[in-house]
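User: I would like to go through this chain term by term. Please set each value against its definition.

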Amino acid sequence: EHRLLITGTPLQNNLRELWALLNFLMPDIFGDAEQFDEWFSLSDEHGKENVIKKLHTVLRPFMLRRVKKDVATSLPPKKETKLYVGLTKMQQE
């Protein structure tokens, strides 16, 4: 049995979302959400940095990251426009 997960949406700093994706791909390894939470707990002395290093180590073999500038080279560079809009009266209250 082969499984492939294609997502265009980055993870939103939610470990449960990551667990759900990994559980779909490899349910034998990532079958228990509570155990996953323990593996990547933020209560370590090194905290968030340690969790990020662990996640990179676990995920690196399973990820292929492609960015638009490398794949769609004929597209023009992204153009960003910032538009500042004042608050309405209700928003100011």
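User: What percentage of the 93 residues in the chain is buried?

Analyst: This is a predicted model, where local features need pLDDT of at least 70, side-chain atom pairs count only at pLDDT 80 or more, and totals for chains, interfaces and linings use all residues. Residues are numbered from 1 along each chain as its sequence is written, and side-chain values use heavy atoms, without hydrogens and water. Buried means under 20% relative accessible area, with over 50% exposed and partly exposed in between (1.4 Å probe, protein chains only). Buried residues make up 13% of the 93.

User: What makes the chain more spread out than a compact globule?

Analyst: The chain has 5 helices and 0 strands. Helices (H or I, at least four residues) and strands (E, at least two) are DSSP runs, numbered from the N terminus. The globule rule is 2.2 Å times the number of residues to the power 0.38, and the radius of gyration is taken over C-alpha atoms. The rule gives 12 Å for 93 residues; the chain has 19 Å, well over that, so it is more spread out than a compact globule.

User: Where is confidence lowest, and where is it highest?

Analyst: pLDDT is the predictor's confidence in each residue, from 0 to 100. Helix α3 (residues 47–59) is lowest, at a mean of 79; helix α5 (residues 89–92) is highest, at 92.
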